[in-house]
Amino acid sequence: MSVDGHIDDGAPERLLLSGDEDFDRVDEVRAGCDAIMVGAGTVRRDDPRLLVRSPVRRRERVARGLPACPAKVTLTATGDLDPAGRFFTAGDAEKIVYAASGAVEGLASRLGAAATVVDAGDPVDLRRVLRDLAGRGVRRLMVEGGGSVHTRFLLEDLADEIQLAVAPFFVGDPAAPRFVGGGRFPQGPLRRMDLAEVRALGDVVLLRYLIRRERSPERGDR
């Protein structure tokens with residue numbers, strides 16, 4: 001994000017916040033995951049490929065008996081997804097779309113063999129999504145965005161850590177999308193996150209926070 005918390009600006013072209021070093025770090029994280037998730041808005045706006053870029057990392061995954069790239073996952077309330085987008089056409093990774101109940105039938109017909117469409121409830125239930133992913137062997141899920149997906153995972157206390165790269169400039173547009181929207185986040189002043197790492201990556205700084213789990217009440221607690 002920018003220093004003032006934005007993940008994009010208002011221009012038609014995607015705003016590049018990171019430099020080469022951070023893009024390589026993201027590629028390394030992708031290579032260590034079982035699946036990568038983005039929201040349908042990100043699929044429509046950015047047309048991402050969501051692939052591991054490094055040939056070395058792809059070969060290392062294959063040597064471990066894994067697909068060359070993690071599975072691609074998206075969430076949609078409306079089913080408004082284009083099967084010609086790079087999310088569906090780039091690479092051989094498994095593609096899974098979790099759709100609101102009312103959008104499942106039409107979306108499955110439109111996507112055909114391009115992706116597996118799964119009923120995720122109405123509205124889309126993230127816990128249901130995560131249970132289904134776990135049943136498919138996903139143990140480490142990378143949630144890349146956008147802001148509405150980040151917000152839901154944090155508000156519902158479903159994230160284990162945040163890897164936040166801060167770019168050294170301001171966007172300054174109050175209408176531009178932010179890293180998260182508003183809400184009553186459980187990770188507040190009374191439940192601070194643990195700073196696990198600070199790393200300079202060119203002119204970008206990585207902040208890695210571990211999210212504390214709620215402590216279970218013990219005998220004698222009031």
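Helices (H or I, at least four residues) and strands (E, at least two) are DSSP runs numbered from the N terminus. Within α7, the residues Gly147, Val149, His150, Thr151, Phe153 and Leu154 are buried, where buried denotes under 20% relative accessible area, exposed over 50%, and partly exposed in between (1.4 Å probe, protein chains only).

Asp157 follows α7 and is found in the loop between α7 and β6. Although Asp157 is not a glycine, its phi is positive, at about 60°.

## Basis of the model

Residues are numbered from 1 along each chain as its sequence is written, and side-chain values use heavy atoms, with hydrogens and water left out. Because the model is predicted, local features need pLDDT of at least 70 and side-chain atom pairs count only at pLDDT 80 or more, while totals for chains, interfaces and linings use all residues.

The protein chain has a mean pLDDT of 95, and 96% of its residues reach 70 or more; pLDDT is the predictor's confidence in each residue, from 0 to 100. Over residues 216-222 the pLDDT is below 50, and this stretch has one contact in the model beyond near neighbours in sequence.

## Nonpolar cores

The largest nonpolar core has 18 residues, and those with the most contacts inside it are Met37, Leu75, Tyr98, Val129 and Leu133. Such a core is a set of buried Ala, Val, Leu, Ile, Met, Phe, Trp, Tyr and Cys residues joined through side-chain atoms within 4.5 Å. Two or more residues each come from β1 (35-39), β2 (71-76), β3 (95-99), α6 (126-135) and α7 (147-155). A second, separate core of 16 residues includes Val43, Leu81, Val97 and Ala99.

Leaving aside neighbours within four places in sequence, the contacts of Met37 include Val73, Leu75, Val129, Leu133, Val149 and Phe153. Met37 is also in contact with Leu141, Met142, Val143, Glu144 and Gly145.

## The second largest pocket

The second largest pocket has a volume of about 350 Å³. On a 1 Å grid over the protein atoms alone, a pocket is an open set of points where a 1.4 Å probe fits, with protein on both sides within 12 Å along at least five of seven lines; lining residues have an atom within 4 Å of a point. Grid points are joined across faces, edges and corners, and the volume is the space filled by probe spheres set on the points.

Of the 21 lining residues, Gly39, Ala40, Leu75, Ser148 and Val149 are the closest to the centre of the pocket. At least two lining residues are supplied by each of α2 (40-46), β2 and α7.

## Backbone features in loops

Two cis peptide bonds may be described. One joins Asp122 and Pro123, with omega about 5°; Pro123 lies in the loop between β4 (116-119) and α6. The bond from Gly145 to Gly146 is likewise cis, with omega near 0°, and Gly146 is placed in the loop between β5 and α7.

Asp47, in the loop between α2 and α3 (55-63), has a positive phi of about 50° although it is not a glycine. Asp47 is partly exposed, with a relative accessible area of 29%.

Methods
Contact = heavy atoms within 4.5 Å.
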